[in-house]
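The following exercises are to be worked with the sequence and the structure at hand. Each task is followed by a solution in steps.

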Amino acid sequence: MSEHIVPVRVYITIFAVLLVGTALTVWAAFQDFPWQLNTIVAMTIAITKATFVVLYFMHVRYSARLIWVILTAALFWMGIMFALTFSDYWTRGWIKVGY
Amino acid sequence: MASHATTAPEVHGHPALQHHFENMEQQREAGTLGMWVFLVTEIMFFGGMFLAYTLYRSLYPAAFASASNHLDITLGAVNTGVLILSSFTMAMAVYFTQVGKHRPQVLCLILTLVLGLTFLGIKAKEYSDKYHDHLIPGRLIPGNPFNPAVAEHGDTDPHKLHLIGDATVEKVQMFYWIYFAMTGMHALHMIIGAGLLTYLIIFSLKRRFDPEYHSPVEVIGLYWHFVDIVWIFLFPLLYLLGRHLEHG
Amino acid sequence: MKPIESFEVPPPPKVNYINAKYGLKSWLLTKDHKRIALLYLGSITFFFFIGGIYALMIRLELLTPQGDFLQSTTYNKVFTQHGIIMIFFFLIPSIPATLGNFLIPMMIGAKDLAFPRINLLSWYIYLLGGIITIYALLAGGVDTGWTFYTPFSTTFSNSYVVATGLGIFINGFSSILTGLNFIVTIHTMRAPGMTWMRMPLFLWSHYATSLIMILGTPVIAITILLLAFERVARVGIFDPALGGDPVLFQHLFWFYSHPAVYIMILPSMGVISELIANFSRKNIFGYSFVAFSSIAIAVFGFLVWGHHLFVTSQSVYAGMIFSFLSFAVAIPSAIKVFNWTATLYKSSISYDTPMLYALGFIGLFTIGGMTGLFLASLAIDVHLSDTYFVVAHFHYIMVGGALMGYLGGLHYWWPKISGRMYPEGWGRFSALVIFVGFNLTFLPQFVAGYLGMPRRYHAYPPEFQVFNVLSSAGASILGFGMLIPAIYFVWSMRYGCQAEPNPWHLPGLEWRTSSPPPTENFEVTPVVTWDAYEFAPREETEVVGKFRPELERI
């Protein structure tokens with residue numbers, strides 16, 4: 001069986017990291033950071049937590065390359081949807097159509 | 001990937017080997033790959049709602065902050081913890097199946113299910129709070145239209161909506177349909193997950209899974225972790241976005 | 001290396017997948033991908049006829065400039081339902097669910113797809129979606145256009161939007177499960193020796209199609225749910241009066257619906273690759289280019305959806321990006337057309353019915369594709385948007401392209417599927433009738449559209465009548481032409497000549513088992529040591545242009 005068995009201590013560590021991340025994001029939410037930093041901090045923490053779940057709980061760290069190609073492709077596609085849609089909304093004000 | 005050609009079509013090692021697969025490894029690979037492809041569809045599915053959220057939040061930031069501040073951050077944070085713990089117990093269930101420890105495996109699956117149901121219970125409390133504060137959007141519940149009481153300046157009643165900046169009740173409604181659509185869809189996926197876990201528990205009790213064959217446990221685990229990840233994003237986006245603008 | 005001659009034709013087995021088990025339950029609860037393909041074939045043909053009846057009603061109404069056959073609201077329902085049925089219940093599933101389901105395991109040397117029960121489930125889901133949609137049609141229909149634009153569909157339409165949306169939503173799962181099955185099968189179940197670059201191009205294009213199904217269909221699913229949510233709850237997701245943006249709906253809708261057109265054409269291109277290579281007895285020119293251009297079409301197809309929003313409030317800058325990308329997406333399609341043509345050059349072409357469809361495809365798809373470039377140009381699109389030019393453009397691709405490929409593939413693989421030959425003379429005759437009828441229907445629509453005739457109107461200014469009369473005449477010829485294969489395919493199942501395992505004498509894996517195949521496809525799992533289109537040396541093939549006499553009998 002070529003399956004990799006992840007040791008229990010890894011799971012416990014990741015679990016602890018996730019709880020710490022949650023506490024951290026709640027704390028950060030109440031701090032008034034300048035500019036858009038609140039959002040950036042929150043998203044960074046969320047992405048980090050999600051990455052740990054994907055790599056360790058979902059075993060992607062130990063999986064065939066095909067799996068993480070698929071995962072990357074899905075995120076990339078969601079990125080395409082966001083990027084091209086916002087290429088519309090964020091440039092609407094740039095040209096004044098004269099009425 | 002390619003295995004030796006078999007001449008006898010009925011060479012089977014394990015009773016769970018399906019007739020069209022050469023061996024258990026191919027079957028396991030196919031099952032895992034299949035679940036990942038399905039998760040890709042789920043990413044794109046939720047992605048559409050995240051897109052709508054991002055757009056309307058960028059258009060109405062003050063309204064979204066006001067609306068978000070009305071959500072119960074304690075319940076939201078507790079729910080986040082509950083789901084993370086359930087992901088841990090699910091991962092442990094897979095582990096115990098891989099090493100053949102039957103009792104802890106079943107226990108972990110039951111714990112995961114209980115935690116999932118706890119999440120849903122807390123969600124139901126949150127939804128009922130919204131109902132009582134008249135924050136269900138549109139005419140979703142006939143007879144209970146979106147009609148929250150707006151707090152006057154200095155009024156600290158937590159059941160009333162406290163507006164920040166240029167927020168209006170109308171734009172706050174925009175937040176609430178997104179809130180219900182996203183958490184509702186997430187809750188639906190949790191309910192489906194609970195059903196899948198029930199199936200796993202029943203078949204685990206029948207000793208259906210062993211270190212050789214436990215694809216369903218692994219694959220349903222992947223689904224469960226995905227649902228957890230969606231919540232990891234929903235929590236800050238829905239509950240935390242305006243807290244730094246709260247006063248007191 | 002003589003792959004065909006070295007293969008011994010097995011004696012026709014007494015038991016094949018059709019007669020292996022009798023009884024309705026053995027068909028309705030089957031896990032055999034070949035039987036599921038036939039189940040799909042029946043239901044898809046049924047929906048095609050319903051869509052065709054709506055088309056007939058449209059062309060009857062448009063014979064005269066006045067709106068005298070149907071009321072305007074009824075006409076709105078007719079063209080809407082024609083579009084919904086044809087796109088969601090015929091074109092999207094057609095080749096993948098019938099030919100794909102049947103052939104993919106055989107072409108890769110497997111006994112079945114990776115998930116046979118999910119395959120059967122996908123058919124039941126298709127039926128459920130279809131039944132709900134038919135209920136909606138019978139209850140009163142939907143009149144929003146298959147595009148369901150807001151705020152008409154959410155706020156003002158008095159038709160069965162939610163019910164139809166539900167039918168389409170459910171049908172989407174059928175698409176997703178089919179695509180999922182194909183991707184996993186092609187990755188994990190190829191026979192020993194079947195490398196990616198030895199796969200028939202039919203498999204490459206179905207793989208690319210499955211990628212689109214997986215990545216795109218969920219987005220239309222959530223879009224339809226949001227549409228239903230707004231219609232029921234009146235929350236204002238897409239309603240400008242409540243702070244929403246109707247163009248957001250269009251972004252979400254077209255994010256799927258543009259790649260959907262590639263779902264409709266890519267499998268057909270895969271069929272054409274098979275037909276061109278096999279009926280010209282020559283290895284496809286530029287195999288890797290054709291293979292990778294399938295993937296390129298799938299990827300690029302996701303980058304161009306904004307060209308449907310050129311005349312909305314979408315920003316001009318975004319419009320320019322989408323316009324450029326829409327030109328870029330034409331390139332992989334053009335690469336395929338050039339490679340097919342290069343394959344035909346100095347080859348040994350036999351003009352059997354499938355080849356006639358393939359040749360028709362190349363010409364008609366090219367016209368359809370090039371007229372797409374007109375529409376991809378921002379300035380021209382302002383004039384051509386919502387005119388009959390658009391209608392003609394997509395019908396050239398969908399009917400002249402996708403449908404031709406479907407018919408060509410059905411004819412080509414009919415001996416394998418049914419164990420019978422269709423009557424070749426009637427096959428060629430109907431191919432010609434369809435070709436003539438099709439062009440007469442849609443060529444005048446290009447002109448009418450260019451001159452300004454709007455689409456989705458049941459009445460029009462009299463100066464467009466001549467084009468509409470030509471078009472309706474063509475439509476009746478086209479309809480007649482398509483009835484003929486429906487009749488002779490059914491006829492051939494009882495009275496057609498028995499087919500040998502390899503009636504066309506071709507090297508593909510699917511021809512190395514009996515016609516019809518046994519339930520498990522191959523007696524022995526094959527080990528593949530040859531390329532996809534290796535033909536015997538030139539001296540041993542038939543003389544160019546001579547029709548094979550044993551197929552001449554009607």
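**Exercise 1.** Locate C:Arg234 and C:Arg281, and determine whether each is buried, partly exposed or exposed.

Solution. Step 1: C:Arg234, which is not a glycine, has a positive phi of about 55 degrees. This residue lies in the loop between helix 8 (201-233) and helix 9 (246-279) of chain C. Step 2: for C:Arg281, phi is near 50 degrees, again a positive value in a residue other than glycine. The loop between helix 9 and helix 10 (287-300) of chain C holds C:Arg281. Step 3: a residue is buried if 20 or more other C-beta atoms lie within 10 Å of its own. C:Arg281 has 20 such atoms and is therefore buried. C:Arg234 has 18 other C-beta atoms within 10 Å, so C:Arg234 is partly exposed.

**Exercise 2.** Characterise the side of chain B that touches chain A: which elements give two or more residues to it, and how many of its residues are nonpolar, polar and charged?

Solution. Step 1: chain B brings 31 residues to the contact and chain A brings 33 residues. Step 2: on the side of chain B, two or more residues come from each of helix 1 (24-59), helix 3 (73-98) and helix 6 (215-239). Step 3: sorted by class, this side of chain B comprises 20 nonpolar, 8 polar and 3 charged residues.

**Exercise 3.** Where in chain B is the pLDDT below 50?

Solution. Step 1: chain B has a mean pLDDT of 89, and 94% of its residues reach 70 or more. Step 2: among the elements of chain B, the mean pLDDT is lowest in helix 2 (residues 61-69), at 92, and highest in helix 6, at 96. Step 3: the pLDDT falls below 50 over residues 1-11 of chain B, a stretch with 16 contacts in the model beyond near neighbours in sequence. Step 4: where pLDDT is low, predicted coordinates should not be read in detail.

Definitions and conventions
Residues are numbered from 1 along each chain as its sequence is written. Chains are lettered from A and ligands numbered from 1 in the order in which they are written. This is a predicted model: local features need pLDDT of at least 70, side-chain atom pairs count only at pLDDT 80 or more; totals for chains, interfaces and linings use all residues. Two residues are in contact if their C-beta atoms, placed from the backbone, lie within 7 Å. Helices (H or I, at least four residues) and strands (E, at least two) are DSSP runs, numbered from the N terminus. Ala, Val, Leu, Ile, Met, Phe, Trp, Tyr, Cys and Pro count as nonpolar, Asp, Glu, Lys and Arg as charged, and the others, Gly among them, as polar. pLDDT is the predictor's confidence in each residue, from 0 to 100. A residue is buried if 20 or more other C-beta atoms lie within 10 Å of its own, exposed if 12 or fewer, and partly exposed in between; C-beta atoms are placed from the backbone.
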